[in-house]
Amino acid sequence: MAVYAPGMYRVYVAFADGPLVASPTWTEVTAYWVDLSTSRGRSSELDDFQAGSLTITFDNRDRRFDPTYSSGPYYGNLLPRRQIKVEAVISATTRSVFRGHVTSWRQTWSADDGQRCVVSASDAFALLSAQSTPTGSAH
């Protein structure tokens, strides 16, 4: 699992586009993330490959990431399977860190941190693994 520090990372969500849109309209939400981590691949040669995952925590004191808050700027678009991506900017070069689909927008609150939204996401392999393959012979 990789954990990232703020500064050189940018976070985007395609709030209005579905999971299969190849070139969605991205909204930058970099200013709101406070913690993020990714995981992908396998731990050893004998393990099965796992779908990549992202966990990102947003500062949600203004409730912009609250799906039940009708005055929020993204109200009605905080849905599962929205595309999300994280990019790193290194020496003026942008590199992809993660691109996938949101699986949940979990709301949390604590006296220390206030309101947060913990977003879980998985990469395209999770969507692919959920598909069934036709049975029979392929010739």
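Colleague: Which residues touch the most other members of the largest nonpolar core?
Modeller: This is a predicted model, in which local features need pLDDT of at least 70 and side-chain atom pairs count only at pLDDT 80 or more, while totals for chains, interfaces and linings use all residues. Residues are numbered from 1 along each chain as its sequence is written, and side-chain values use heavy atoms, with hydrogens and water left out. A nonpolar core is a set of Ala, Val, Leu, Ile, Met, Phe, Trp, Tyr and Cys residues that are buried and joined through side-chain atoms within 4.5 Å, where buried means under 20% relative accessible area, exposed means over 50% and partly exposed lies in between (1.4 Å probe, protein chains only). Of the 23 residues in the largest such core, those that touch the most other members are Ile56, Phe58, Phe65, Ile84 and Trp105.

Colleague: Which strand gives the most to this core?
Modeller: Helices (H or I, at least four residues) and strands (E, at least two) are DSSP runs, numbered from the N terminus. At least two core residues come from each of β2 (9-14), β4 (33-41), β5 (50-59), β6 (83-90), β7 (93-110) and β8 (114-122). With four residues, the strand that gives the most is β7.

Colleague: In what order do the elements of the chain run from the N terminus on?
Modeller: The chain has one helix and eight strands. Reading from the N terminus on, the order is β-β-β-β-β-β-β-β-α.

Colleague: What is Phe58 in contact with, leaving aside its neighbours within four places in sequence?
Modeller: Phe58 is buried, and so is Phe65. Contact means heavy atoms within 4.5 Å, and with those neighbours left aside the partners of Phe58 are Val11, Val29, Tyr32, Trp33, Val34, Phe65, Gln115, Arg116, Cys117 and Val119.

Colleague: How many residues apart are Phe15 and Tyr74?
Modeller: The structure holds five aromatic pairs, and rings of Phe, Tyr and Trp (its six-membered ring) pair if their centres lie within 6.5 Å, with planes under 30 degrees apart counting as stacked, over 60 as edge-to-face and the rest as tilted. Phe15 and Tyr74 form a stacked pair, at 3.9 Å centre to centre and 10° between the planes. The pair links distant parts of the chain, with Phe15 in the loop between β2 and β3 (27-28) and Tyr74 in the loop between β5 and β6, at a separation of 59 residues.

Colleague: What is the distance from the charged end of Lys85 to the centre of the ring of Tyr12?
Modeller: A charge sits over a ring if NZ of Lys or CZ of Arg is within 6 Å of the ring centre and within 35 degrees of the ring normal. The charged end of Lys85 sits over the ring of Tyr12, and its distance from the centre is 5.1 Å.

Colleague: How far apart are the closest N and O atoms in the salt bridge of Asp66 with Arg63?
Modeller: A salt bridge is a side-chain nitrogen of Lys or Arg within 4 Å of a carboxyl oxygen of Asp or Glu, and by this rule the count comes to five. Asp66 is buried at 7% relative accessibility, whereas Arg63 is partly exposed at 28%. In the salt bridge between Asp66 and Arg63, the closest N and O atoms are apart by 3.0 Å.
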